[in-house]
Amino acid sequence: SPHTSHPGLGGGAGVIKGMLKREDKNHRNFKPPPAKYWWPTLFEGVVHSEILDKHIELICTKRGIRLVDEAAGFDKYLLTTPVNEVYATGLLRIKRELLLALADKERFTTVAGGKSAVYDKYQQWAVSGEEADWHGLTLDEAKRKQARIETEQVESETVPDKLRYRKELVEMLRSGKMEELDLELAAERGLEEKGGFHGMLGGISKVFKK
C-alpha cells in the first residue's frame, strides 16, 4: 500500500511494492520472483491556505491536485477528507494547524488583522482547542502527550505537607479546638511535674477515662 509517511500531497498515491510475474516455462522455478516498485509521478507544487493565510510548497501528484480542485480549495480538502484517506502525516500536521487556528476565533477578527469572512467560511469544521491539539499526532507522540497530562494532573493534586498542616492549623484556630488542645497539654505537663504517687494516680485515672 502507499507509504503513510508521504510528506506531500499524494492524494493516496505512493510507492507500491510487488513482484513481477514469471514467464510460463516447462520446468517449475522455486526461486522467488524479482521484486518490483511502482513509483508515482511527483512534481513540486504550491497550494494556498486561506485559514493560515500563506502559500505552502509541497511535493504533489496529479491525483492530489485534482482532489484539491474538486474540493474547491486546499483547506476544504483537508477539513472534509477523512484521516484514513488523507494518508500522509505531513498533510495531517497541516490539518492540525488549521484546526488550532479555527479554535482561536479571535485571530480572525479585524482587530487582530484577520479576516472574519474566512472564519465564517470554515467555522462548521471548528473544534475546541483541546481536541485540535490531539489531531495529527503519531501514536508515540499521543502517548507522550497523555503521560505528560497525567503527570501534571498528579502534581496539581498533590498538596505539600507545609500547606496541609497550615490549613489544618487555621481550621483548628477557627473552631476553637486549639484552646482545648492547649488546656490538655497543660494538664498533662502538670501531671508529669507532680510525679510520685499522685502522678501515678493521675496517669491511671487518665487511662480509665479513655
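The structure is a predicted model. The chain contains ten helices and four strands, and from the N terminus its elements follow the order β-β-β-β-α-α-α-α-α-α-α-α-α-α. Of its 210 residues, 23% count as buried.

**Overall organisation**

- Among contacts between residues at least 6 apart in sequence, 46% join residues at least 24 apart.

**The largest nonpolar core**

- The largest nonpolar core has 28 residues, of which I51, L58, F74 and L91 touch the most other members.
- At least two residues of this core come from each of strand 4, helix 1, helix 2 (74-80), helix 4 (89-103) and helix 5 (116-122).
- Helix 4 is the element that gives the most to this core, contributing seven residues.

**Helix 4**

- Helix 4 is made of 15 residues and spans 21 Å from its first C-alpha to its last, close to the 21 Å expected at 1.5 Å a residue.
- The buried residues in helix 4 are G90, L91, L92, I94, K95, L98, L99, A101 and L102.
- Packing partners of the buried residues of helix 4 are strand 3 (43-49), strand 4, helix 2, helix 3 (83-86), helix 5 and helix 6 (129-134).

**K95, a buried lysine in helix 4**

- K95 belongs to helix 4, and it counts as buried because its relative accessibility of 7% is under the 20% cut-off.
- Apart from neighbours within four places in sequence, K95 is in contact with L78, L79, T81, V83 and H135.
- K95 and A132 are separated by 37 residues in sequence, and their C-alpha atoms lie 9.1 Å apart in space.

**T61, a buried loop residue**

- T61 sits in the loop between strand 4 (54-60) and helix 1 (62-70).
- T61 is classed as buried because its relative accessible area, 4%, is under 20%.
- When residues up to four places away in sequence are not counted, T61 touches L9, G10, G11, A13, P40, T41, L42 and F43.

**The largest pocket**

- The largest pocket holds about 200 Å³ of space.
- Eleven residues line the largest pocket, and E50, I51, D53, G114 and K115 are those nearest its centre.
- The lining of this pocket comprises four nonpolar, three polar and four charged residues.

**Positive phi angles outside glycine**

- D53 has a phi near 55°, a positive value in a residue other than glycine.
- D53 is located in the loop between strand 3 and strand 4, and it is exposed because its relative accessible area of 54% is over 50%.
- A72 also is not a glycine, and its phi is positive at about 65°.
- A72 is found in the loop between helix 1 and helix 2, and it is exposed because its relative accessible area of 55% is over 50%.

Definitions and conventions
Residues numbered from 1 in each chain as written. Predicted model: local features only at pLDDT ≥ 70, side-chain atom pairs only at ≥ 80, totals over all residues. Heavy atoms only, no water. Buried < 20%, exposed > 50% of the residue type's maximum accessible area, 1.4 Å probe, protein only. Contact = heavy atoms within 4.5 Å. Core = buried A, V, L, I, M, F, W, Y, C linked by side-chain atoms within 4.5 Å. 1 Å grid on protein atoms, 1.4 Å probe; cavity = no way out; pocket = protein on both sides within 12 Å on 5 of 7 lines; lining within 4 Å. Points joined across faces, edges and corners; volume = space filled by probe spheres on them. Nonpolar A, V, L, I, M, F, W, Y, C, P; charged D, E, K, R; others polar. Expected span 1.5 Å × (residues − 1).
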